[in-house]
Amino acid sequence: MKTIIIIAIALFTNLVVAQQTLDTIYANDKKNVALFFPEPIRQGITGTSNFVFTYNREKEQYFGLLQATPGTESNLLTVTKNGQVYSFILKYKEQLPRLNYFITPKESIGSERPVTLKQKPISQPPSRIDYFRKFCNYLLKSNSGSITTKRKKGIKVQLQKMVYNASEFYLVLEIKNKSEIDFEIDYLNVYRVNGNKKRKASFQRLEQKVIHKFIMPNLVKTGEKKRFVYVLPKFVIGDNEKLMIELKELNGERKIQLLQ
């Protein structure tokens with residue numbers, strides 16, 4: 001038996017708190033509305049796409065920016081570094097009553113807390129992993145295509161196939177190194193992105209869980225090319241969404257982003 005930590009959002013609320021009315025924050029598409037929190041923001045999610053909440057995901061910051069386009073009201077759920085949870089109603093309004101909101105700890109609706117459970121480790125059934133391997137091997141042996149390609153500093157990243165099978169989504173990828181330096185891989189992540197990257201206030205990306213990597217390389221030497229397969233839980237890309245694949249070099253500055 002091993003001990004695993006399951007992080008769950010537990011809202012420490014009594015009957016009075018449960019019945020409280022959430023504060024409303026107004027936003028529009030002409031101005032940025034700034035929200036300042038007592039602790040750095042770890043995660044912020046809006047309920048609908050006509051509201052966009054942006055914050056620095058790479059460097060801890062205490063504030064985020066909110067913009068909106070006309071549409072139905074929504075909500076914002078924010079979690080800070082210390083695990084405090086904040087929730088607000090969002091509405092579009094042409095004339096904004098405020099541009100800056102300073103959130104206090106008292107406005108938190110609860111907090112995350114770790115719950116320790118003792119149970120057997122959870123893993124994919126061996127038969128399912130075997131199926132992933134067999135189907136990935138089949139995809140690599142079949143004719144390769146080319147959906148989209150990105151080249152940068154001698155590194156070529158190519159998305160060759162996108163295949164739905166059962167409850168999974170398969171991506172066949174190829175990395176080719178035409179540079180004079182071996183390429184050691186730090187990570188290759190898959191995201192669903194929404195909005196315009198040039199306008200940070202309207203750009204959001206959500207990393208997708210990868211449940212199996214088939215012959216994923218750690219190193220692509222000069223002159224080599226490597227083909228491999230990513231297996232993800234099945235999802236559908238929305239009309240206003242794109243698929244992003246980001247490849248980053250370990251101990252180097254080369255980073256390639258591929259959009260589909």
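Where does Lys153 lie?

Mentor: Lys153 lies in the loop between strand E11 (148-152) and strand E12 (155-165). Strands are DSSP runs of E with at least two residues, helices are runs of H or I with at least four, and both are numbered from the N terminus. The model is predicted: local features need pLDDT of at least 70, side-chain atom pairs count only at pLDDT 80 or more, and totals for chains, interfaces and linings use all residues. Residues are numbered from 1 along each chain as its sequence is written, and side-chain values use heavy atoms, with hydrogens and water left out.

Start with the backbone. Phi of Lys153 is near 50°, a positive value in a residue other than glycine. Most residues other than glycine have a negative phi. Lys153 is exposed, with a relative accessible area of 55%. The classes are buried (under 20% relative accessible area), exposed (over 50%) and partly exposed (in between), with a 1.4 Å probe and protein chains only.

Now the strands on either side. E11 and E12 belong to an open sheet of five strands, in the order E11-E12-E13-E18-E16, with antiparallel pairing. Two strands pair if DSSP finds at least two bridges between them. E11 and E16 stand at the edges, each with a single partner strand, so one side of each is left without a neighbour in the sheet. Neighbouring strands of this sheet are turned by 20° against each other on average, direction ignored. Axes here are lines fitted to C-alpha atoms, for helices over the stretch in contact, and angles run from 0 to 180 degrees between N-to-C directions. Further into the strand order, strand E13 (residues 168-177) and strand E18 (residues 225-233) pair in the antiparallel sense over nine bridges. There, Val172 stands opposite Val229.

Ile215 has a positive phi of about 45° although it is not a glycine. Ile215 is in the loop between strand E16 (212-214) and strand E17 (219-220). Asn251 also takes a positive phi, near 55°, in the hairpin of E19 and E20, which has five residues between the strands. Strand E19 (residues 241-249) and E20 run antiparallel, joined by five bridges. Leu247 stands opposite Ile256 in E20. Strand E20 (residues 255-259) has a covered face, Ile256 and Leu258, and an uncovered one, Lys255, Gln257 and Leu259.

Next, another sheet. Four strands form an open sheet in the order E5-E6-E3-E9, with mixed pairing. Strand E5 (51-54) and strand E9 (100-102) stand at its edges, each with a single partner strand, so one side of each lacks a neighbour in the sheet. E5 joins strand E6 (residues 63-68) through four bridges, and the two run antiparallel. Phe51 stands opposite Ala68 in E6.

Rings come next. The structure holds 10 aromatic pairs. Rings of Phe, Tyr and Trp (its six-membered ring) pair if their centres lie within 6.5 Å; planes under 30 degrees apart count as stacked, over 60 as edge-to-face and the rest as tilted. Phe36 and Phe63 form a tilted pair, 5.7 Å centre to centre with 35° between the planes. Phe36 sits in strand E3 (residues 33-36) and Phe63 in strand E6, 27 residues apart. Phe36 is partly exposed at 27% relative accessible area, and Phe63 is partly exposed at 31%. Elsewhere, ring pairs link Tyr131, Phe135, Tyr138 and Tyr170 into a cluster.

Charges over rings also occur. The charged end of Arg57 sits over the ring of Tyr55, 4.6 Å from its centre. The charged end of Lys93 sits over the ring of Tyr26, 4.7 Å from its centre. The test is NZ of Lys or CZ of Arg within 6 Å of the ring centre and within 35 degrees of the ring normal.

Last, the whole chain. The secondary structure comes to two helices and 20 strands. Of the 260 residues, 38% count as buried.
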